[in-house]
Amino acid sequence: MVVHELSPVDARRIAVRAQLLDSSRPVELLDVVRRLTLLQIDPIAAIAPSADLVAWSRLGSSYAPADLSAALENRTLLELRAMIRPSEDLALYRAEMAEWLGPGQLLPWQEFRRDWVRANDACRLDILDRLGSSGPLPSRDLPDTCKVPWKSTGWTNNRNVTQLLEFMVLRGEVAIAGRSGRDRLWDLATRVYPDEPVVPAEEAVRIRDQRRLRALGIARARGPECPVEPMDVSEAGEPAVVAGVKGTWRVDPTLLSQPFSGRAALLSPFDRLIHDRKRTLELFGFDYQLEMYKPAAKRRWGYFALPILYADQLVGKLDATADRKAGVLRIDAIHQDIPFTKTMTAAIDREIKDLSHWLELDLTPPR
């Protein structure tokens with residue numbers, strides 16, 4: 001097979017187009033989620049929830065968060081492990097759920113989880129019975145009859161019901177049926193997931209790899225293990241090399257040699273264009289970290305700085321906060337990784353104004 005030889009500009013443009021961030025904006029939320037394969041849920045909303053920011057970055061101010069809520073309510077979109085996915089994609093996970101920990105020899109951590117669930121089987125059956133008769137329900141309304149508490153050095157320590165629910169999601173027994181405020185509402189998976197034929201496990205993995213590559217445009221065949229959504233794509237697509245970057249890549253051939261017209265965009269810190277920080281540095285030369293967990297004095301760019309895309313380059317970070325009590329979008333700083341031209345400045349300023357308009361907040365410029 002031919003190995004495609006790409007310039008860094010080629011690679012960046014493929015990635016930007018794949019993520020629907022070029023000048024040809026989509027118009028429908030469902031089309032966006034199907035193309036991206038997911039919207040990541042995160043409770044931090046210094047400006048807006050990440051899922052809404054990602055949708056706004058593609059759709060612009062025509063997007064309303066109520067659109068996402070409606071799609072979740074009518075189950076056109078579904079929540080699975082903190083990711084919002086098209087409902088039809090659940091068929092690609094059901095075979096994996098049926099196997100849960102997978103075939104073959106289990107690792108010690110897998111054996112620990114299996115044994116813990118077995119030890120608390122009575123509680124698992126209690127939860128299924130309660131949901132079957134009264135669901136959907138928040139976790140606080142489900143009985144904690146666990147005989148063996150969940151032990152962790154983190155926040156999940158002794159949170160027996162919520163931990164058991166997470167494993168029951170992986171087993172395909174329960175699902176998130178909706179939300180009441182920030183509370184997840186749980187129900188039997190058979191009442192939430194669409195009744196569609198289950199895709200065999202190996203085929204499902206292959207299809208997911210293909211869809212992930214189409215969403216990313218260009219990615220590594222192998223990468224570090226990620227617990228929910230991988231960043232690598234196995235043998236999907238075709239091999240490629242990028243001038244000046246070590247190693248080989250996989251590229252979606254349908255995105256090669258297409259015309260490119262870029263625009264300015266403000267990105268969520270969880271946006272898939274920049275989520276793989278190593279790929280972001282290799283292809284875009286863009287150094288970025290989410291700094292909300294750092295002490296304020298050690299932050300370079302801000303608590304929830306938004307990466308700034310202009311055409312096929314990541315050119316800076318926007319340090320901003322939505323102060324809803326004061327009714328303002330406060331711009332604390334605009335960090336320029338490369339000097340902005342007048343054209344760039346005008347385009348980025350328009351995008352910042354559009355963000356404040358979408359948030360229905362007055363714009364407070366940096367001092």
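How many Å separate the centres of domain 1 and domain 2, taken over C-alpha atoms? The centres of these two domains are 33 Å apart.

## About the model

Welcome to a predicted model, in which local features need pLDDT of at least 70, side-chain atom pairs count only at pLDDT 80 or more, and totals for chains, interfaces and linings use all residues. Residues are numbered from 1 along each chain as its sequence is written, and side-chain values use heavy atoms, with hydrogens and water left out.

## Overall build

Let us start with the whole chain. Its secondary structure comes to 12 helices and 14 strands; helices (H or I, at least four residues) and strands (E, at least two) are DSSP runs, numbered from the N terminus. The protein chain has a radius of gyration of 22 Å, close to the 21 Å that the globule rule gives for 367 residues, so it is as compact as a globular protein of that length. That radius is taken over C-alpha atoms, and the globule rule is 2.2 Å times the number of residues to the power 0.38. Along the principal axes, the C-alpha trace spans about 65 × 60 × 40 Å.

The domain assignment gives domain 1 as 4–70 + 202–364 and domain 2 as 106–191. Such bounds come from an automatic or database domain assignment.

## Inside and outside

How much of the chain is tucked away? Of the 367 residues, 49% count as buried. Here buried means under 20% relative accessible area, exposed means over 50%, and partly exposed is in between (1.4 Å probe, protein chains only). The accessible surface of the chain is about 18100 Å², and carbon and sulfur atoms hold 52% of that area. These areas come from the Shrake-Rupley method with a 1.4 Å probe; for residues, only the protein chains shown count as cover.

Contacts tell us about the fold too. Among those between residues at least 6 apart in sequence, 61% join residues at least 24 apart, where contact means heavy atoms within 4.5 Å. As for charge, the mean positions of the 51 positive and 51 negative charges are 4 Å apart. Lys and Arg count as positive and Asp and Glu as negative, while His and the chain ends are not counted. Each charge is placed at NZ of Lys, CZ of Arg, CG of Asp or CD of Glu.

Most residues other than glycine have a negative phi, and most peptide bonds are trans. Against that background, some places in this chain deserve a look. Gly 135 and Pro 136 are joined by a cis peptide bond, with omega about 5°. Pro 136 sits in the loop between helix H7 (121–134) and helix H8 (160–170).

Arg 81 is not a glycine, yet has a positive phi of about 55°. This arginine lies in the loop between strand E3 (77–80) and strand E4 (83–86) and is partly exposed, at 31% relative accessible area. Glu 360 also has a positive phi, about 60°, although it is not a glycine. Glu 360 is found in the loop between helix H12 (342–359) and strand E14 (362–364), and its relative accessibility of 72% makes it exposed.

## Helix H1 and its surroundings

Helix H1 covers residues 8–18, and its buried residues include Ala 11, Ile 14 and Val 16. After H1 comes Leu 20, with a positive phi near 60°.

Pro 8 belongs to H1 and is partly exposed, with a relative accessible area of 32%. Pro 8 and Asp 312 are 304 residues apart in sequence, but their C-alpha atoms are 9.8 Å apart in space. Setting aside neighbours within four places in sequence, Pro 8 is in contact with Val 242 and Ala 243.

Is Leu 101 buried or exposed? With 14% relative accessibility, Leu 101 counts as buried. Look for Leu 101 in the loop between helix H5 (94–99) and helix H6 (108–119). Apart from neighbours within four places in sequence, Leu 101 is in contact with Leu 106, Gln 110 and Arg 114.

Arg 350 lies in helix H12 and counts as exposed, at 56% relative accessibility. Arg 350 and Ala 265 are 85 residues apart in sequence, and their C-alpha atoms are 9.8 Å apart.
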